[in-house]
Amino acid sequence: METQRLIVDNNVDSEKSYSQAVDLLNAGELVAFPTETVYGLGAIATNNTAVKKIYAAKGRPSDNPLIVHIGTFDELENYVADISDKARKCMDAFWPGPLTMIFKVKPNVLAESVTAGLDTVGIRMPNHPVALKLLQKLGKPVAAPSANRSGKPSPTEGIHVEQDLTGKIPLILDGGATGVGVESTVIDLTLETPVILRPGAITKEMFEKVIGPVKQPTHIEQKQGAPRAPGMKYKHYAPNAPVLLIEKDKNQVASAIQQLQQQGHKVALLAPQDFEQLTPEWFFTLGETQEDMAANLFHALRACDLTTADVVLATVTTTQGVGAAIMNRLEKSAGGKWYKLK
Ligand code: TXA
Ligand code: MG
């Protein structure tokens with residue numbers, strides 16, 4: 001299959017590209033598109049044959065349910081059994097935006113493989129002009145996981161999708177780099193006290209201002225069986241070379257680089273901009289602020305695969321605010337491993 005990547009932004013006449021995307025989706029094909037978090041790989045969420053193609057293209061395990069994207073508020077009640085007060089408050093406060101809410105699903109409306117056998121469904125309204133325009137022109141719900149091969153970092157640029165899925169999908173709508181850079185927050189609102197299943201740019205602190213207490217299980221609590229998103233158990237976000245975490249301390253990082261190089265390793269360093277003066281073989285910036293770090297992280301992890309680095313050092317951050325989302329992704333990419341200074 002030939003894969004087309006079409007640039008869609010305000011400066012080019014993109015009407016034709018949107019029509020092409022809508023026609024392909026209606027014909028049961030897959031289309032990748034940008035959201036404010038990461039690129040999604042979409043299929044019409046009521047077409048089971050189309051949705052199954054997503055799992056095949058990504059190499060995704062079939063027990064990992066997909067998020068359904070909607071373009072208008074009114075559609076929500078078509079797919080979910082009950083919209084609680086807390087859910088309404090979150091919609092008002094955070095939609096369109098980087099938030100996926102888990103609801104009890106209305107039976108026999110969405111394709112079976114969207115929910116992977118669960119009686120719940122994750123729904124979100126993305127805040128990106130291309131995603132919203134596509135959804136509104138289509139007028140149907142779109143199931144879309146991140147548009148990467150399963151296990152790889154999520155794509156934050158059209159070209160990342162191309163690297164992973166060329167030959168497997170017909171069309172990528174390329175709207176440039178996404179803004180947030182980490183996937184949406186997933187919150188389960190079907191529980192008495194809502195639980196954050198996957199941290200993202202809508203933080204615990206932000207929810208609590210709107211709906212009162214919410215739980216955010218730690219990594220260990222999740223392992224001990226707290227409610228979770230099925231997808232969080234899989235290996236994720238890993239470049240080819242092993243990733244090792246390290247404190248954001250220039251002396252420690254400098255020593256680690258030196259020790260690794262003495263052992264014959266070629267090192268890629270992911271760190272804040274002012275670590276640039278150190279001497280790894282490759283340096284990829286995580287920027288200055290936590291927002292920069294979220295936006296740069298997946299690009300930097302992917303960039304390691306374009307080098308011959310055989311070890312990746314990545315500096316950590318706090319778990320305050322969006323830091324919780326960053327550390328969740330970093331810990332997964334490293335499989336929880338830290339560099340131990342000799
Ligand atoms: O930002 C995002 O959410 C991106 C963009 C494209 O919208 N999408 C995304 O989808 O990250 P995906 O499939 O890569 O991640 C979806 C996560 C998985 O961890 C999945 O297990 C969880 O959401 N999930 C989906 N439906 C669920 C459900 N009914 N109950 C619990 N977890 C669910
Ligand atoms: Mg994903």
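Predicted model: local features only at pLDDT ≥ 70, side-chain atom pairs only at ≥ 80, totals over all residues.
The chain is divided into two parts: domain 1 spans residues 4-222, and domain 2 spans residues 243-333. Taken over C-alpha atoms, the centres of domain 1 and domain 2 are 28 Å apart. To the contact between them, domain 1 contributes 25 residues and domain 2 contributes 15 residues.

The surface that domain 1 and domain 2 bury between them amounts to about 1,600 Å², and carbon and sulfur atoms supply 53% of this area. On the side of domain 1, the residues that lose the most area to domain 2 are Pro153, Val182 and Pro199, which together account for 31% of what that side buries.

The number of salt bridges between domain 1 and domain 2 is 3. A salt bridge also links the side chains of Glu183 and Arg329, with a distance of 2.8 Å from N to O. Helix H7, which covers residues 158-165, gives the most to the side of domain 1 that touches domain 2, namely 3 residues. Sorted by class, that side of domain 1 has 12 polar, 7 nonpolar and 6 charged residues.

Attention now turns to the ligand. Ligand 1 has 26 residues around it, and those that come nearest are Thr37, Asn64, His69, Ser184 and Gly231. Two of these residues can be described in further detail through their side chains. In Ser184, a polar side-chain atom lies 2.5 Å from an oxygen atom of ligand 1. In Asn64, a polar side-chain atom is found 2.7 Å from an oxygen atom of ligand 1. Arg124 also approaches the ligand, with an N or O atom of its side chain 3.0 Å from an oxygen atom of ligand 1.

Most residues other than glycine have a negative phi, and most peptide bonds are trans. The bond joining Trp95 and Pro96, however, is a cis peptide bond, with omega of about -10°. Pro96 belongs to the loop between helix H4 (85-94) and strand S5 (99-104). The loop that lies between S5 and helix H5 (112-115) holds Asn108. Although Asn108 is not a glycine, its phi is positive, at about 60°.

Finally, the salt bridges may be considered over the whole model. The structure holds 12 salt bridges. One of them pairs Glu15 with Lys133, whose closest N and O atoms are 2.9 Å apart. Glu15 lies in helix H1 (residues 15-26) and Lys133 in helix H6 (residues 129-138), so this pair ties together parts of the chain that are 118 residues apart in sequence.

Key
Residues numbered from 1 in each chain as written. Chains lettered and ligands numbered in written order. Heavy atoms only, no water. Domains from an automatic or database assignment. Contact = heavy atoms within 4.5 Å. Buried area = accessible area lost by both parts, 1.4 Å probe. Salt bridge = Lys/Arg side-chain N within 4 Å of Asp/Glu carboxyl O. Helix = DSSP H or I, 4+ residues; strand = E, 2+ residues; numbered from the N terminus. Nonpolar A, V, L, I, M, F, W, Y, C, P; charged D, E, K, R; others polar. Near = heavy atom within 4 Å. Polar contact = N/O pair within 3.5 Å; in protein donor to acceptor, adjacent residues only side chain to side chain.
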